[in-house]
Amino acid sequence: SNVLIAGPSGSGKSTLATSIMERLMERSYQTAVIDPEGDYQSLPGAIVLGDQERAPGVDEILDVLDVPDRHVVMNLLGVPLKDRPAFFGTVLPRLQELRARLGRPHRLVVDEAHHLFPPGWDPAPLTTPQPLRGVLLITVHPEHVAPALLQQIGVIFGVGGSGEEVLRSFCAATRRPAPSWSPAPLSSGEALYWSSRDSAPPLVFRFEPPRAERQRHVRKYAEGELGPDRSFYFR
């Protein structure tokens, strides 16, 4: 499924995303991360390309991903904000070609998705045979992500507050009815889970924090509380 992680700034989106990525990588799922703000420099086991001085090169990205047990973080701090959608528009078709040929990277993680998939984004230029799947999007504003992509989202994780605003924004943007349930404030280390493919109500779960300390580009965000032995459980 394509996955959306959404919530206000500082609510724990990157913490949850990093926890998920660590477990994917431990299980040999190759992961490629689009990192506009330098938030994933310390992702264990990943090769970071690009920095504040230079953009990552498309060929070097593909060279890293050519080896099955290597993962890549594409740091876009060296790409001006206005040029990032165009840069991503160049990289994405090449990643899709790689997936069509090799079946990987298995998971494409896109932070600040509202910048890289703006409302006017059109998937039509992607002429590769594989659909855009295995994507994990992270954003503050689901309503500012291209509706064509939101329609392909199967799982939503809401963080911050009760998660209600995330689901309502997503449902309004995709023109579907919002789920019915009794929202309650989320504690630190908790998130809301909802599948957009069925009628079941959302569930609250607690997640284990990432094993590695992350360095924040602007400010330190609150870390989740330590969870039980299992990675996820529902209440």
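Predicted model: local features only at pLDDT ≥ 70, side-chain atom pairs only at ≥ 80, totals over all residues.
User: Seen down the axis of α2, within what arc do its buried residues fall?

Analyst: The buried residues in α2 are V58, I61, L62, V64 and L65. They line one face of the helix, because seen down the axis of α2 they fall within an arc (taken from the directions from the helix axis to the C-beta atoms) of 155°.

User: And what do the buried residues of α2 pack against?

Analyst: Contact here means heavy atoms within 4.5 Å. By that rule, the buried residues of α2 pack against β2 (31-35), β3 (46-49), β4 (71-75) and α3.

User: At roughly what angle do the axes of α2 and α3 cross?

Analyst: Two packed helices are described by the angle between their axes and the distance between the axes. The axes are lines fitted to C-alpha atoms, for helices over the stretch in contact, and angles run from 0 to 180 degrees between N-to-C directions. For α2 and α3 (residues 84-102), the axes come within 11 Å, and the crossing angle is roughly 25°.

User: Is the crossing of α2 past α3 left-handed or right-handed?

Analyst: The two helices are roughly parallel to each other (under 35 degrees counts as roughly parallel, over 145 as roughly antiparallel, 65 to 115 as roughly perpendicular and the rest as oblique). A crossing is left-handed if the near helix is turned anticlockwise from the far one by less than a right angle, and right-handed if clockwise. On that convention, the way α2 passes α3 is right-handed.

User: How many charged residues does the contact of α2 with α3 have?

Analyst: From α2, the residues V58, D59, I61, L62 and L65 meet T90, V91, R94, L95 and L98 in α3. Ala, Val, Leu, Ile, Met, Phe, Trp, Tyr, Cys and Pro count as nonpolar, Asp, Glu, Lys and Arg as charged, and the others, Gly among them, as polar. By class, seven residues are nonpolar and one is polar, while the number of charged residues is two.

User: What is omega, about, for the cis peptide bond that joins R104 and P105?

Analyst: P105 is in the loop between α3 and β5 (107-110). The cis bond joining R104 to P105 has an omega of about 10°.

User: Does E112 count as buried or exposed?

Analyst: E112 lies in the loop between β5 and α4 (113-116). Its phi is positive, about 50°, although E112 is not a glycine. With a relative accessibility of 18%, E112 counts as buried.

User: How far apart in space are K82 and H115, C-alpha to C-alpha?

Analyst: K82 is in the loop between β4 and α3, and it is exposed, at 70% relative accessible area. Along the sequence K82 and H115 are 33 residues apart, and in space their C-alpha atoms are separated by 9.1 Å.

User: What separates the C-alpha atoms of A184 and S162?

Analyst: A184 belongs to the loop between α6 and β8 and counts as partly exposed, at 32% relative accessibility. A184 and S162 are 22 residues apart along the chain, with a C-alpha separation of 5.3 Å.

User: What share of the 235 residues in the chain is buried?

Analyst: The chain's secondary structure comes to six helices and 10 strands. Of contacts between residues at least 6 apart in sequence, 70% join residues at least 24 apart. As for buried residues, their share of the 235 in the chain is 52%.

Terms used:
Residues numbered from 1 in each chain as written. Heavy atoms only, no water. Helix = DSSP H or I, 4+ residues; strand = E, 2+ residues; numbered from the N terminus. Buried < 20%, exposed > 50% of the residue type's maximum accessible area, 1.4 Å probe, protein only.
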